[in-house]
Amino acid sequence: MSKERVSEWDILRGIAFLAIVLQHSIGQFAYRKDTSLLDAYTLAAIYHLIKFGVPAFVFLTGATLLYNYYGKLNYLEFIRKRSLDVLVPYLVWTPIYYVYIFPQKVINVEWLKEVGKQLLVPTQAYHLWFIILIFQFYLVFPFFLKWLTWANGKNDLYDKKRTLNPVLVFTGLGYIVLMWASYKYLPYHASTYPGIIQFLISYRNSNFLFYSFYFIFGAVITFDLERWRKIIRGYSYWNFVLLVVSYSWVGYELFIGTGYNLPINLNWSTTLKPSMFFLVLSELLALYLIAMKGTQQKNWMTKVISWFGRYSFGAYLVHALILGILISVLDVLQLTHPGMNRHYVLVTFIIFLIVTVISSLTSYILSMIPLGKYLIGSIGAKDKPKNSAHPAGLSSHKV
């Protein structure tokens, strides 16, 4: 039995991509020497509102994987397809970015070793770590699937209306503890642990465990999608309160850490801390509500955002290159020259729009050529197994 497409996921994916491009655009101007204190804090305030980008993609990964593979999963075939769609483009773009960052280096054995290191730990291309993160979820997905399926069956024995609620609650509580450890304990005690553990702590931003709640949350929603749609609508007021409180909390932390000094330190706004967890969670729920309303309106804006979502993976891979080239051109033309009075909030949004359009069009064009999938992965609905079992709540209505 074929499955209907969940339209709000397309919109949410497009919004997440836009948020990430805007984050990276903000990073280009928030630290400039001639950025005013007002512009710096304005950019930081916007930055906090759009920190949901990566968690949203992880959330959607959990949701779509469970939706497509519940009841039947050929693990080897699954990994093969995901490797072609994700790892092959990663293997192509890593050396491309390395050449762009270090154009003066000669391609030799030493160069190959350095690129090999970047494939394992991508530190030069600041956005490619996300590929490592997502592929970890692909690798461990069968374990998540078995655990969630077991938990869902156990809960159904007692109350079919509370599918997986205890799992989500306990996972959330454990995740809060993990975020506290990530922010308050691990950075200051990493050196006391053996080498491999110290390495995992240092690069915890690309460790799947530190984003696991969002993956599980996406999967849990998929088990009973219609009920969760009602929950998100019904608790929108309280979620708005949570959003305001957590947003204020995060802003206060940034101000305490930075004060009236420049440059501001956006490292205070890491996703991996308790306050940011509450903010991101409330943002995801609010955005899901917006996405659901968007599917009902079906206007030009929702169609454009869904289009961005459709080509988001390829655009994500290429957008950092487009952004870097554009900033270099502006600097050469001295349009962003230090010491000049610039309205960097406005400039940031102009750059964001240009990079978004160019990178998405690039992804679209590459999808049209025969070997384009090796650069941007497969475009469109992926891996829809035939005659697979449906999660509870997805078999009786259109999504």
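Which residues lie nearest the centre of the largest pocket? Trp129, Asn205, Tyr211, Asn267 and Thr270, out of 44 lining residues.

Some ground rules. This is a predicted model, where local features need pLDDT of at least 70, side-chain atom pairs count only at pLDDT 80 or more, and totals for chains, interfaces and linings use all residues. Residues are numbered from 1 along each chain as its sequence is written, and side-chain values use heavy atoms, without hydrogens or water.

Terms next. We use a 1 Å grid over the protein atoms alone. In a cavity, a 1.4 Å probe fits but cannot get out; a pocket is an open set with protein on both sides within 12 Å along at least five of seven lines. Lining residues have an atom within 4 Å of a point. Points join across faces, edges and corners, and volume is the space filled by probe spheres set on them.

The largest pocket has a volume of about 1300 Å³. Helices here are DSSP runs (H or I, at least four residues). Those giving two or more residues to this lining are α1, α3, α6, α7, α8 and α11.

Now the second largest pocket: about 690 Å³. It has 24 lining residues, with Phe217, Trp228, Leu242, Leu281 and Leu285 nearest the centre. Two or more residues each come from α7, α9, α10, α11 and α12.

Finally, cavities. The whole structure holds two of 30 Å³ or more. The second largest cavity has about 40 Å³. Its lining includes Thr94, Tyr97 and Gln118. Helix α4, residues 75–101, gives the most, with three residues.
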